[in-house]
Amino acid sequence: MSQRTFARSLGIRHLVCGSCNGCELEMNALAAPQYDISQEGWSIVASPRHADVITVTGPMTEAMRLAARKTIEATADPVVIVAVGDCASGEGAWCGVGSAGAGAGGELGAAVVVRGCPPTPDALREGLRAAATLLDKRNS
Amino acid sequence: MAEFYRERTVRQHDLPAELAKIANGALLLGCYATERTVRTLVLSKVGVLALRTPLEDGEAWESLTARYPLFADHEREMAAMQGIDLRGSPDLRPLYFRADAIPEAILAEGKGVSGVVVGPVHAGIIEPGRFTISTAGESVVHLDAQLSYSHRALEPWFEGRHALELVPKVARICGNCSVARSWAYARALESLAGIELDEGAEFARLILAEMERVHVHLFDLGNIAAGAGYGKGTTAALGLRERINQLNHAVSGHRLLFDSIVPGGIRVGTLSDPASLRTLLRELRDDVKRFLDAFFAKRSVLRRLEGAGIVEESLARRFGAVGPSARASGIACDVRTLAPYGAYRGFTLSEVQAHSGDVYARSEVRRHELERSFDLLERALRELGSVVLPVPVQIALPSGTMTTLVEGARGAESISLSLDGEGRVERLHVISAAFRNWPLVTRAMEGNIVPDFPLVNKSFNLCYSCVDR
């Protein structure tokens with residue numbers, strides 16, 4: 001029997017791994033009335049244990065690596081990791097610069113990639129819908 | 001008009017006396033090292049003065065922190081990045097760390113004191129930091145903020161690269177203060193090259209910088225509303241911010257205005273339709289005013305802001321606070337009025353001030369600064385008229401050292417730059433307003449209740465990316 005994941009609602013945990021905060025500004029824009037993600041049944045959750053989706057930004061930093069891995073480990077399967085922005089996708093301004101990694105999405109196994117520096121709220125919404133579709137498949 | 005930047009060599013032994021002479025009436029901006037030369041930066045009415053202190057082989061840096069607490073993290077950065085032997089600082093923990101070697105947090109000791117640790121991953125869409133809160137009952141006794149989770153060692157990577165190649169990188173050091181930093185970087189290059197900009201380009205830069213201030217201030221007020229449990233205010237502020245982000249996109253092709261200011265002018269195609277921008281900004285201004293009037297008429301919300309997170313003027317001064325957070329404690333520190341640059345030179349501006357130093361005052365300052373920004377936008381767009389903006393001027397880059405300052409939404413953003421004569425960067429150092437203000441957040445929490453941490457924190461709403469770099 002297949003059942004749509006809570007009618008495609010998503011609990012989202014956000015993980016910042018060396019982003020410039022531009023991606024965060026656009027993630028926050030999703031709560032503006034013009035986008036209003038609460039109407040999609042999406043919410044930003046207070047624990048990785050509550051998360052269906054981990055959104056991750058930045059190239060990855062040495063100081064975040066352990067906390068990032070622990071966050072992923074703390075989630076309950078199934079969970080979809082979404083690489084948000086060019087840096088997390090491995091193509092951004094800070095990938096491989098200084099002590100930064102090559103992209104947090106690749107390192108953590110992102111299944112969905114949302115490009116942009118930063119991505120627009122519309123692109124983010126599309127990426128999260130793609131994550132909901134993947135979760136539907138994994139839950140069926 | 002050329003930038004006013006002077007350097008004077010001062011031996012370390014004489015530095016405290018020099019600073020004591022200058023410090024009264026000037027703004028201490030911190031210090032940074034290039035290999036074994038330390039520059040201590042001061043802003044006075046005539047511009048930036050750098051006290052240049054070369055260290056001998058084997059000479060340690062005797063910390064200035066006991067006398068001037070604002071130097072604490074600047075000195076820790078010199079120790080971490082240039083290997084300067086730092087002596088006598090009250091906090092000698094490494095400023096940057098790897099995940100497998102996080103320094104111990106500082107916990108208060110005493111009967112009934114316990115610790116709460118939050119972060120580096122948080123329950124919202126915010127950057128990473130680890131906060132260790134020592135509490136006695138519900139009250140915060142001490143807050144230790146360990147940032148550095150966004151540290152990417154960017155500054156050493158800049159060295160040896162061509163200064164113009166780094167323009168898009170500088171715009172992305174931090175998403176919140178991108179325009180301000182790009183402007184400071186462009187001015188440093190133009191000033192070293194000795195070029196002046198066309199008046200139209202200067203008006204255009206002012207417009208872009210004020211649009212950045214509007215979107216950041218609206219976001220900050222929305223976050224303060226969230227911290228006070230005023231959900232309607234948060235939604236309204238985010239809705240208004242979205243409108244300015246859409247206007248940003250219309251004028252620059254980028255919702256956060258990245259890459260719109262380039263050395264030699266502004267990017268081709270930016271601000272191509274000032275007349276319709278003026279109309280749309282007037283509409284936005286009316287709606288922002290309605291939002292602010294409603295926010296500041298909500299007694300029950302304001303009561304939650306009053307008395308929370310108080311920063312006394314003397315504390316703000318000792319820690320070298322800048323921006324709206326310092327102005328809320330009665331300190332005059334707006335670079336636009338203290339050391340005007342670009343088109344600000346043509347306008348008479350009075351600095352917004354408040355005095356209670358609490359979350360309310362920091363909100364009130366932003367409220368009035370929003371009004372001023374819309375005023376400036378209207379005036380600059382009127383001056384700009386319908387001129388066709390010039391293409392960026394080509395610049396030739398000689399060797400030299402320069403520090404420039406721009407008033408970003410969070411306060412004084414500085415770029416310190418040394419070039420080698422062939423256009424390559426010898427040193428590019430960023431001191432952000434957030435770097436300058438973080439120590440205040442920790443002090444502001446003392447004596448407040450733990451549940452007010454989000455409210456007090458958001459009333460500063462400091463970035464991490466430009467702090468950690």
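Tutor: A residue is buried if 20 or more other C-beta atoms, placed from the backbone, lie within 10 Å of its own, exposed if 12 or fewer, and partly exposed in between. Helices (H or I, at least four residues) and strands (E, at least two) are DSSP runs, numbered from the N terminus. This is a predicted model: local features need pLDDT of at least 70, side-chain atom pairs count only at pLDDT 80 or more, and totals for chains, interfaces and linings use all residues. Residues are numbered from 1 along each chain as its sequence is written, and chains are lettered from A and ligands numbered from 1 in the order in which they are written.

Student: How many residues of helix α1 of chain A are buried?

Tutor: Eight of the eight, residues 22-29, so α1(A) is largely enclosed by the rest of the structure. Among them are A:Cys23, A:Leu25 and A:Met27.

Student: What covers them?

Tutor: The cover includes β1, β3, β4, α3 and α5 of chain A, together with α7 (231-252) of chain B. Contact here requires C-beta atoms, placed from the backbone, within 7 Å.

Student: How many residues does each chain bring to the contact?

Tutor: Chain A brings 36 residues and chain B brings 38. On the side of chain B that touches chain A, α7(B) gives the most, with six residues.

Student: New topic: how do α6 and α13 of chain B cross?

Tutor: Their axes, lines fitted to C-alpha atoms over the stretch in contact, come within 9 Å and cross at roughly 155°. Angles run from 0 to 180 degrees between N-to-C directions. Over 145 counts as roughly antiparallel, and α6(B) and α13(B) are therefore roughly antiparallel to each other.

Conventions. Contact = placed C-beta atoms within 7 Å. Parallel < 35°, antiparallel > 145°, perpendicular 65-115°, else oblique.
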